[in-house]
Amino acid sequence: MQEFLHLLRLEPVNQGASTGVNWLTCDSSKQTTITSPVDGGLIGKINKAGAKEYDQVLATAEKAFQLWRVMPAPKRGEIVRQIGNVLRENKRSLGQLVSYEMGKSLQEGMGEVQEMIDICDFSVGLSRQLYGLTIASERPNHRMMETWQPLGIVGVVTSFNFPVAVWAWNAMIAAVCGDVVIWKPSHKTPLSAIATQNLIADVLKENNVPEGVFSLITGDTREISERITQDHRVPLISATGSTRMGKIVGKACAERFGRTILELGGNNAIILSQEADLKLALPAIVFGAVGTAGQRCTTTRRLIVHDSIYESIREKLVTAYSTLRIGNPLDENNHVGPLIDKEAVHTMQEALKKLKEQGGKVVFGGEVLSGKGYETGTYVRPAICEAKNDYPIVQEETFAPILYLIRYKTIDEAISYQNGVAQGLSSAIFTNNMREMEQFLSPVGSDCGIANVNIGTSGAEIGGAFGGEKETGGGHESGSDSWKMYMRRQTVTINYGSTVPLAQGIKFDL
Ligand code: UN1
């Protein structure tokens with residue numbers, strides 16, 4: 001057994017539901033086995049939760065909310081501070097597990113845990129800054145203000161590519177806001193979630209945090225995801241994943257007037273101007289396209305290159321891609337690990353096939369690797385392709401390392417390609433020309449939730465609000481004032497006078 005599994009207290013068979021410290025005993029006849037995309041090794045088994053455990057988790061969360069919402073926010077922040085410390089202490093082992101279960105490089109696995117630590121720090125500060133406004137009233141002797149109240153139970157549905165960080169961006173903010181959280185991790189990476197729950201359990205126990213403030217539940221989509229999205233006791237669902245999933249979740253929540261934060265597909269582009277500093281641009285493009293093996297929502301999928309430098313950029317990228325080391329992501333010498341599973345490999349191959357049918361060309365890579373170290377069939381060579389922006393396959397998000405090169409002549413044309421997709425998460429321009437930069441950032445520029453200049457499309461910091469427009473779903477999580485989504489806004493008017501004047505000048509004398 002790998003040492004980190006032991007340090008993280010994962011068992012050969014784990015339970016699929018927890019209300020904080022306590023794990024519920026789930027039906028052992030409904031077991032799932034999790035193997036690593038890295039080497040096919042068995043990581044652990046889970047007894048999946050079902051309807052019975054779901055009801056128990058919900059009932060416990062409802063009770064916990066009654067207590068948690070009246071605890072002063074800075075006291076809730078203190079719990080989050082301690083969670084941050086536990087994550088600091090276990091950064092390496094949790095990073096290793098994320099890397100082993102998901103396949104991202106160890107650097108990125110540990111980087112993901114660092115994002116959790118950072119959002120804990122942010123939330124601790126936030127716990128003393130949940131403030132509202134006072135507003136001028138039109139009536140004499142009246143005070144008007146806006147206060148923010150805890151919302152209730154927040155369902156956090158996370159995806160395999162960030163098995164633990166996405167939970168933290170939501171859960172830590174929600175917790176200081178006075179909400180209780182139910183985490184439904186991806187069925188592809190549930191053990192990283194279970195390990196995280198084990199880590200925070202120590203803090204919850206030491207501080208006598210009521211059971212139900214931080215819960216976790218993993219099981220079949222129909223048993224768990226459908227239930228939680230339809231459950232009127234859960235006023236907010238924050239879901240990260242595909243646009244297809246987002247449509248289902250968004251619709252189910254809207255049906256019951258539930259609130260959603262949806263962080264869905266991206267189809268992110270970098271515009272590479274002829275006035276770009278290539279020393280900055282090239283490493284950023286390569287990391288953006290092949291980091292996490294192309295499985296970030298913020299992965300660079302399209303490179304919109306000025307006509308005058310197009311051929312030389314294509315050659316430079318081919319040279320850079322030839323030096324990429326692909327292999328076991330726990331070996332820090334490697335740049336690129338495996339895709340999450342064989343299905344993802346198949347989807348990538350299909351996308352490359354469609355690209356060729358639609359008139360495009362693969363200029364480098366794309367093949368499935370075999371031989372020593374690649375026995376799992378999950379390793380691929382990142383692909384560089386030539387394409388047009390309007391090819392149907394370019395319009396889609398394929399969760400794999402495929403970079404489409406697209407040629408442009410004018411900056412207006414480049415921006416129209418950048419915006420000419422259904423998704424709207426992240427975007428970037430590399431240029432030293434301030435006119436191009438300002439146009440890219442203007443109302444007629446990028447239409448995405450994230451717009452970067454001289455840095456790539458991925459690697460957003462937690463301090464900003466994270467999310468995107470159009471089919472990316474429109475929700476924002478993490479930093480800035482995203483916390484407002486996790487609270488109930490209340491407009492309050494107090495009359496401290498001795499008459500009751502009505503607003504809008506209405507007279508109503510009795
Ligand atoms: C995701 O892929 O779901 O900006 C999120 C980034 C990370 C978040 C990616 N901080 O690349």
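Predicted model: local features only at pLDDT ≥ 70, side-chain atom pairs only at ≥ 80, totals over all residues.

Q: How is the protein divided into domains?
A: There are two entries: domain 1 covers 2-264 + 473-490, and domain 2 covers 268-463.

Q: What distance separates their centres?
A: Taken over C-alpha atoms, the centres of domain 1 and domain 2 are separated by 30 Å.

Q: And how much area do domain 1 and domain 2 bury between them?
A: About 2,200 Å², with 59% of it on carbon and sulfur atoms. On the domain 1 side, P37, V38 and E108 supply 24% of the area buried against domain 2, more than any other three residues.

Q: How many residues are in contact?
A: 31 residues of domain 1 are in contact with 24 residues of domain 2.

Q: What about polar contact across that interface?
A: The rule finds 10 residue pairs in polar contact there, counting pairs with both residues at pLDDT 80 or more.

Q: Which helices of domain 1 touch domain 2?
A: α4 (91-102) and α5 (106-126) each supply at least two residues of that side. The largest share comes from α5, with seven residues.

Q: How many salt bridges are there between domain 1 and domain 2?
A: Three. Elsewhere on the list is the bridge of E332 with R92, where the closest N and O atoms are 3.6 Å apart.

Q: And in the structure as a whole, how many salt bridges?
A: The structure holds 23. One of them joins R9 and D202, with the closest N and O atoms 2.9 Å apart. That pair links distant parts of the chain: R9 sits in the loop between α1 (3-7) and β1 (13-15), D202 sits in helix α7 (residues 190-206), and they are 193 residues apart.

Q: Now K104 and E112. What do their side chains do?
A: They meet in a salt bridge, 2.5 Å from N to O.

Q: Buried or exposed, K104?
A: K104 counts as buried, at 2% relative accessibility. E112 is buried as well, with a relative accessible area of 1%.

Q: Which residue does E367 meet in a salt bridge?
A: R381, at 2.8 Å from N to O. Both residues lie in the loop between β14 (361-364) and β15 (383-386), so the pair ties together parts that are 14 residues apart in sequence. E367 is partly exposed at 35% relative accessibility, and R381 is partly exposed with a relative accessible area of 26%.

Q: Which residues are linked in a network of salt bridges?
A: R314, E315, K361 and E386.

Q: Switching to α9. What should it span, and what do its end C-alpha atoms give?
A: Helix α9 (residues 243-255) has 13 residues, so at 1.5 Å a residue it should span 18 Å; the end C-alpha atoms are 18 Å apart, which agrees.

Q: Which residues of α9 are buried?
A: T243, M245, G246, V249, G250, A252 and C253.

Q: Why might a helix have residues three or four places apart pointing the same way?
A: An α-helix has 3.6 residues a turn, so residues at that spacing point the same way.

Q: What covers the buried residues of α9?
A: The cover includes α8 (225-230), β10 (236-240) and β11 (259-263).

Definitions and conventions:
Residues numbered from 1 in each chain as written. Heavy atoms only, no water. Helix = DSSP H or I, 4+ residues; strand = E, 2+ residues; numbered from the N terminus. Expected span 1.5 Å × (residues − 1). Buried < 20%, exposed > 50% of the residue type's maximum accessible area, 1.4 Å probe, protein only. Contact = heavy atoms within 4.5 Å. Domains from an automatic or database assignment. Buried area = accessible area lost by both parts, 1.4 Å probe. Salt bridge = Lys/Arg side-chain N within 4 Å of Asp/Glu carboxyl O. Polar contact = N/O pair within 3.5 Å; in protein donor to acceptor, adjacent residues only side chain to side chain.
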